[in-house]
Amino acid sequence: MGFQEGVTMRGRRMFGAVLAGAVLTLGGIGVLGLTRSASPPAVVVRLENRTGQDVREVRIEHEDGQVVHRGLRAGESLALSFAPKGESSYRLTAVLADGKVLEGGFGYVEPGFETREVLEPGGVVSSWQ
């Protein structure tokens, strides 16, 4: 094997090693991207209607917007969520079938928190889950 052939073989091996390293790096970045969520974790608000009547509308107002749900029957539960950009808070307003307005909500939440809001005839009972 002459000098020229040796240089060519070494060049091919080096190119193959660089190519393999690049493929492994890009594959690792792809797997990392798939395992991480594209959006931040949400705040989940679990609502229970124990008022004895239907709720016309539930509104959650937070620093980045609001979530509205219409029509929650007596005795039913549901979960609403929103994705704050960081530390936040929310205010809950529920309008009952008879027009009565109940208000509540947590003063502090952040992504990943879960809260529980129980709508009762006399008001809203808030708790952490």
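The model is predicted, so local features need pLDDT of at least 70 and side-chain atom pairs count only at pLDDT 80 or more, whereas totals for chains, interfaces and linings use all residues. Residues are numbered from 1 along each chain as its sequence is written, and side-chain values use heavy atoms, with hydrogens and water left out.

The protein chain contains 1 helix and 8 strands, taken as DSSP runs numbered from the N terminus (helices H or I, at least four residues; strands E, at least two). Along the sequence these follow the pattern α-β-β-β-β-β-β-β-β.

Four strands form an open sheet in the order β3-β2-β5-β6, with antiparallel pairing; two strands pair if DSSP finds at least two bridges between them. Because β3 (65–72) and β6 (101–104) stand at the edges with a single partner strand each, one side of each is left without a neighbour in the sheet. Within the sheet, β2 and β5 (residues 90–96) run antiparallel and are joined by 7 bridges; E61 has R91 in β5 as its bridge partner.

T51 lies in the loop between β1 (43–49) and β2 (55–62). T51 counts as buried because its relative accessibility is 10%. Leaving aside residues up to four places away in sequence, T51 touches L96, L102, L119, E120 and P121. The T51 side chain also reaches the backbone oxygen of Q53 at 2.9 Å.

Definitions and conventions: Buried < 20%, exposed > 50% of the residue type's maximum accessible area, 1.4 Å probe, protein only. Polar contact = N/O pair within 3.5 Å; in protein donor to acceptor, adjacent residues only side chain to side chain. Contact = heavy atoms within 4.5 Å.
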